[in-house]
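Here is a short briefing on one helix pair and a set of charged contacts. Have the sequence and the model open.

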Amino acid sequence: MEILSSFRDPALSRRLVKIIRSYEGKPLNFMEFCGTHTHAVFKYGIRQLLPEDIKMLSGPGCPVCVTDSRDINLSLSLARISGVIITTFGDLLKVPGSGGKSLQTAKAEGADIRIVYSTLDALKIARENKERPIIFLGIGFETTTPTVSAAILQAEKEGLENFFIFSMHKLTPPATRAILNLGEVHLDGIIGPGHVSTVIGSKAWEFLPLEYGVPFVVAGFEPFDILLGIEKLVEQCIEGRPRGANAYMRSVKKEGNPSAIKIMYDVFETSPALWRGLGEIPGSGLKLKDKYSHYDAFLKFMPTFKAEIEDNLNCRCGEVLRGVIDPPQCQLFKKVCSPDNPLGPCMVSSEGACSAYYLYGNYDLPTFPPHTPL
């Protein structure tokens, strides 16, 4: 906590806010890609510290939120197979599939579904239940995928034949490309995901200023981190010289973590993937390489299953993930959709934008007019 205290120093933060509020120019739209950033922005009241001509938009940086309905339905199909033990992270449990069914519903109906905190827990369950198939529902971005790769290699080393992965893993840069290519929202800058960038490095985002002319900064999750990231984006916009910046140098290196990247691509290879709200994005998914395909739950169990997709048409989670609307613009928000009764994954996940808006409830507080002094 002593280390973090400097990143929560009010005096240092006020200096950055003063610089940001001095901005004079056109209105700016900045998108924080990461769901953890969205929650931190609300928790620390950062939106209310900004001038009204700088707007923060939430992006698709929530792994549970962007998991497509088809994959939720396929997960439900896996859970219904006799004798199977499903292992999953807790956030995924309440995400509704077609007809409002969820893994939590399946568990209540008798499916053996167990919440784990890491793939090591899933491996432990596989060792203790060698007569039963153990399926780990693999969701997450580049941050968690290397740990799944390590679990596969460990299973191979131990000769575990009852351990399987249903890979729903996704890569973040292609999703950012997809949003920019759609052109639904104009973005003047992007705050990149700190956790992901710890693995893939700040270099992975250089295409944003080079190809799209969009300023980019990697930021951490403390108040000073986020304000510093915003200040660096404002600086680039004033100069009219978009480039990449790293405001999280204590964790993120240009090349990232080569060991984590290596183990990830030793086991997985890129593939197309379906994203909620974005559709199929080429090269944005990860599937097991042929060498490890015997651990692939989809190949082992799914060919006989068809996943019918029937989303709640009133849920606008997809538009929230693309930054097209804010959660309060969804007619379900707070009326019938809440954390106790989530109708879409953006309200289910602890990283979801709808969850952040609901939890902190300060989205309708006024921001400061331009150039308002401290």
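Glu235 counts as partly exposed because its relative accessibility is 31%; buried means under 20%, exposed over 50%, partly exposed in between (1.4 Å probe, protein chains only). This is a predicted model: local features need pLDDT of at least 70, side-chain atom pairs count only at pLDDT 80 or more, and totals for chains, interfaces and linings use all residues. Residues are numbered from 1 along each chain as its sequence is written, and side-chain values use heavy atoms, with hydrogens and water left out.

**Salt bridges**
- Glu235 pairs with Arg243, with closest N and O atoms 3.9 Å apart; a salt bridge is a side-chain nitrogen of Lys or Arg within 4 Å of a carboxyl oxygen of Asp or Glu.
- Shared partners join Glu235, Glu239, Arg241 and Arg243 into one salt-bridge network.
- Arg243 is partly exposed at 23% relative accessibility.
- Lys124 and Glu128 form a salt bridge at 2.7 Å. They lie four residues apart in helix α8, so about one helical turn separates them.
- The count comes to 20 salt bridges.

**Helix packing**
- Helices α2 (residues 10-21) and α13 (residues 223-239) pack at about 25°, axes 9 Å apart. Axes are lines fitted to C-alpha atoms, for helices over the stretch in contact, and angles run from 0 to 180 degrees between N-to-C directions.
- The two helices, α2 and α13, are therefore roughly parallel (angles under 35 degrees).
- Helices (H or I, at least four residues) are DSSP runs, numbered from the N terminus.

Notes. Angles under 35 degrees count as roughly parallel, over 145 as roughly antiparallel, 65 to 115 as roughly perpendicular and the rest as oblique.
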